[in-house]
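Here are a few worked exercises to go through with the model open in your viewer. Try each one yourself before reading the solution.

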Amino acid sequence: MLQPSEKIWMDGAFVNWADASIHVLTHSLHYGLAAFEGIRCYKGRQGSSIFRLKEHVDRLYESAHIAMMKIPYDNKQLFDAIVETVRINRLDACYIRPLVFIGYGAMGVYPGDNPIRVAIAAWRWGSYLGEDALAKGIRAKVSSFTRHHVNVTMTRAKVSGYYVNSILAKQEAKTDGYDEAVLLDPDGYVAEGTGENIFLVRNGVLKTTPLTSILEGVTRNSIMQLARERNIPVVEERFTRDAMYVADEIFLTGTAAEVTPVREMDGRRIGAGVPGPITKDLQKTFFEIVRGEETAHASWRTPV
């Protein structure tokens, strides 16, 4: 269950957690057009910091722009509001959820002049797939549900309604006894997880799906940069589901999932069935950076 914090930022002011309510006829609740972000704040040796906050805020504005929602605050106002949300709740480590949504007014699929509203919440949230998942890896399956076509839903935007697809895939995977689902694109190539980007390693080369039909993950970008700094070849190209079966290593990346190894795919052991050396190295480096244990990439951390 969600662990409540004290305050939520709503439309420019803080309200008590229990009072952060909306009308049941709020437009986005019915039609799913809202943009959101998932951001993490980490506790480190020299205090707490938010990971790649600028990039997350920029992506929120891009998502809203694609969805034709004009955010009534500028970039810096939301940046500062996110930092203050963490501070006012006295959270040394947390998950942060900014949400831009269409408010109460006209009904029907055309929102007209309904207000564009913004909320920011933060709460304590541990590992998305569990601590064992980070250490030992997860079991995943290819979903029977297909990821969105690029002209059905614009995949560069992080829009709430798109995640119905993820919910269906996740429910199917959990019902079948797996931890996570991987979705294929409309052409049958691997796309991404229900809330994560996917990487595989084969013969020392790190491969990930291109941005043709996936969300441009902030953690994905970070891992690609870290890999190149370690002289690990990085390739962005389409690959098939059977390419995963013969991979030496597979891992998922995302704000919630962080860097999670995959030890099994569709009942097939991946590599040795344990997190591989490249996965472990990138995972270790990632956590050292976000926790401020590594001086590199200090610009990725916004102190709280």
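**Exercise 1.** Sort the residues of the lining of the largest cavity into nonpolar, polar and charged.

*Solution.* Start with the lining itself: Arg40, Tyr42, Phe51, His56, Thr219, Gly254, Thr255, Glu258 and Phe286. Next, apply the classes: Ala, Val, Leu, Ile, Met, Phe, Trp, Tyr, Cys and Pro are nonpolar, Asp, Glu, Lys and Arg are charged, and the others, Gly among them, are polar. That gives 3 nonpolar, 4 polar and 2 charged. As for volume, the largest cavity holds about 50 Å³ of space, and the count of cavities of 30 Å³ or more comes to 3. (A cavity is a set of points on a 1 Å grid over the protein atoms alone where a 1.4 Å probe fits but cannot get out; lining residues have an atom within 4 Å of a point. Points are joined across faces, edges and corners, and the volume is the space filled by probe spheres set on them.)

A word on ground rules: this is a predicted model, where local features need pLDDT of at least 70 and side-chain atom pairs 80 or more, while totals for chains, interfaces and linings use all residues. Residues are numbered from 1 along each chain as its sequence is written, and side-chain values use heavy atoms, leaving out hydrogens and water.

**Exercise 2.** Is Glu37 buried or exposed, and which side chain does the side chain of Glu37 make a polar contact with?

*Solution.* First, find Glu37 in the loop between strand S3 (34-36) and strand S4 (39-44). Its relative accessible area is 0%, so Glu37 is buried (under 20%; exposed is over 50%, partly exposed in between, with a 1.4 Å probe and protein chains only). Then check the partner: the side chain of His56, at 2.7 Å. (A polar contact is a pair of N or O atoms within 3.5 Å, within protein one able to donate a hydrogen and the other to accept it; residues adjacent in sequence count only if both atoms are side-chain atoms.)

Note on methods. Helix = DSSP H or I, 4+ residues; strand = E, 2+ residues; numbered from the N terminus. 1 Å grid on protein atoms, 1.4 Å probe; cavity = no way out; pocket = protein on both sides within 12 Å on 5 of 7 lines; lining within 4 Å.
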